[in-house]
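Keep the 3D view open as you read.

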Amino acid sequence: MDFENFFQDALNDLRQEGNYRVFAELERQQGEFPNAKRHVDGNVQDVTVWCSNDYLGMGQHPDVLQAMHNALDKYGAGAGGTRNISGTNHSHILLEKELADLHGKEDALIFTSGYVSNWAALSTLGTKLPNCTIYSDALNHASMIEGMRHSKANRKIWKHNDVEDLDRLLSEAEEGTTKLVAFESVYSMDGDIAPIKEICDVAEKHGAMTYLDEVHAVGLYGPRGGGIAEREGLMDRITVIEGTLGKAFGVMGGYISGSEALCDFVRSFASGFIFTTAIPPSIAAGATASIKYLKNSDKERDYHRNRVETLRNKLDAMGIPHLANPSHIVPVMVNDPVKCKWISDILLDSYGIYVQPINYPTVPKGTERLRFTPSPFHSDSDIDHLVGALSDLWSQCALSRAVA
Ligand SMILES: *Cc1c(COP(=O)(O)O)cnc(C)c1O
C-alpha cells in the first residue's frame, strides 16, 4: 500500500468538495482581545477575531491570569500523573467543589476537555447501565455521539428540540429499559435553546435520567453563570450537567456534575477519566478563578448581551440576514458554500476580520453561514467595521438582503 498517495488522495477529495480546513495562524494578544496577530505567508497581519468561543474574554481576565501565575510558581508545570497515580492535586479538588456549587450538585468530576467529558461519561453510562437506551437529540455534538456509539447502548434519535417526538419514543420503550435522555441547552450552530423544562417533564414521566450539555451556556447564562438550567431554575431536575472550562470560562478542561454516587461511579469506571494525565494545577486554578469571578459579576454577561443586540440591530439596518435566536450566537446566513468561503477569505485578507466559514458537514448543505460571536470586548467601531464590510461584500456577491 502506498500510504502517502492514500493520504494525498483523501485530502484532494476534501479540497474538491470545498471541505478542506485551513486554520488561521493566530497570536492572541493578552489585554488586547479580540485583536490578534495573524501569521500568513511570512507576514504578520492585525486582525479582529469574530468567532472565538472565549465568549467573555475571560482568557485575559486579571484574576484568571494571577491565579495561573501563582499556581505555576507554587506547584510547577504538570499534574504529575493520572488522577489515580499521584496526579490528584489540591487545585483539582477545589475546582470540583467550585463546579458542584455552581450547579447546585453534590459533586463534580473534571476531564481534560469537554469533548472527553461527554465521550467518557456517556460511554460509561451507556455501557454500564442495565438495558440502557439513550435518547439523543438529533443535533447533539460529535463528542456526545461518539460517546454513545462507543457505549454500544441502544440509541434513539429524537427530532431536534421536539418534546412530542421524545415522548413518543420513550413511550415505545420495552419494560425494563434504563432510559437516558441526552441533549444540549444552547446549540452552537443555530444558537437555539432547548425547552429544558418540557424535556424534564417528559423524562420524569417515563422515569428517564437526563444528561444536559451546557457547554455554550456556562458562564454566560443564569445569575451565577450556571447556564440555562440555572436561569430557568431547573438544575435540580437534571441528573447530569456537563460543561467546558474552555469556552466562556476562557481556560481548558471539561466536567460533569451530579450526585456523589454518579460522579464516583464515572470516576471509578470511565477509561477516559482513569487512564490519562490530570490537567495541570495552573489550569485548574485559572478555571476556578474564572468560575468564582463570574459567579459574582454580572457586568460581563450584561454587556455581552448589549453587544449581541447591537450587532443584530446593525445587521438589520443593512438588511444582512441572520438567524433569529434567543442566544449570543449570531449566524449570518450565506446559504452557498463557495460564497461563504469567499466572503470569509476577503473579510480576513482585506478587512482584517476573522470569521471562519461554517460549511457542510458541520451544517446542512444550503445553510452555509458565518457564525459571529460578539464579546464584551468588541467595540462599536469593531461592529461598524464588520457590518460595513459585510454590506460591501453582500453587494459584490449579489446576495439578497433581508427586508426589515
Ligand atoms: C465545544 C463543545 C464541546 C467540547 O468541549 P471542549 O472543552 O472544547 O472539548 C462539547 N459539547 C459542545 C456542544 C461543544 O460545542
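This is a predicted model, in which local features need pLDDT of at least 70 and side-chain atom pairs count only at pLDDT 80 or more, while totals for chains, interfaces and linings use all residues. Residues are numbered from 1 along each chain as its sequence is written, and side-chain values use heavy atoms, with hydrogens and water left out.

Let's start at the ligand. Its shell holds 13 residues, with Gly114, Asp213, His216, Thr244 and Lys247 the closest; a residue belongs to this shell if one of its heavy atoms lies within 4 Å of the molecule. Helix H5 (residues 114-128) gives the largest share, three residues. Helices here are DSSP runs of H or I with at least four residues, strands are runs of E with at least two, and both are numbered from the N terminus. Sorted by class, the shell has eight polar, three charged and two nonpolar residues. In this scheme Ala, Val, Leu, Ile, Met, Phe, Trp, Tyr, Cys and Pro count as nonpolar, Asp, Glu, Lys and Arg as charged, and the others, Gly among them, as polar.

Which atoms approach the oxygen atoms of the ligand? On the His216 side chain, an N or O atom is 2.5 Å from a ligand oxygen. A polar side-chain atom of Thr244 is 2.6 Å from a ligand oxygen, and at Gly114 a polar backbone atom lies 2.8 Å from one. Taken on its own, the ligand has 380 Å² of accessible area, and the protein covers 83% of that; such areas come from the Shrake-Rupley method with a 1.4 Å probe.

Next, look at the spaces within the protein. The search uses a 1 Å grid over the protein atoms alone: a cavity is a set of points where a 1.4 Å probe fits but cannot get out, a pocket is an open set with protein on both sides within 12 Å along at least five of seven lines, and lining residues have an atom within 4 Å of a point. Grid points are joined across faces, edges and corners, and a volume is the space filled by probe spheres set on the points.

The second largest pocket holds about 240 Å³ of space. It has 14 lining residues, and those closest to its centre are Ala67, Tyr75, Ser91, Leu94 and Ala285. Helix H2 (62-75), helix H4 (90-103) and helix H12 (281-296) each contribute at least two residues to this lining, which by class is made up of seven nonpolar, four polar and three charged residues.

There is one cavity of 30 Å³ or more. The largest cavity has a volume of about 90 Å³. Its lining includes Arg83, His92, Phe111, Thr112, Phe273 and Ile279, and the elements that give two or more residues are strand E4 (107-111) and helix H11 (271-274). The lining of the largest cavity has five nonpolar, five polar and one charged residues.

Now for the sheets, where two strands pair if DSSP finds at least two bridges between them. Strand E3 (residues 43-49) runs parallel to E12, and two bridges join them; Val49 has Tyr354 in E12 as its bridge partner.

Another open sheet has three strands in the order E11-E14-E13, and its pairing is antiparallel. Its edge strands are E11 (330-333) and E13. Two bridges join E13 to E14, with Pro357 opposite Leu370 in E14.

Finally, a few backbone details. Most residues other than glycine have a negative phi, and most peptide bonds are trans. The bond from Phe33 to Pro34 is cis, with omega near 10°, and Pro34 sits in the loop between E1 and strand E2 (35-40). The bond from Tyr360 to Pro361 is also cis, with omega near 5°; Pro361 is in the loop between strand E13 (357-358) and strand E14 (369-372). Ser86, in helix H3 (residues 83-87), has a positive phi, near 70°.

Definitions and conventions:
Polar contact = N/O pair within 3.5 Å; in protein donor to acceptor, adjacent residues only side chain to side chain.
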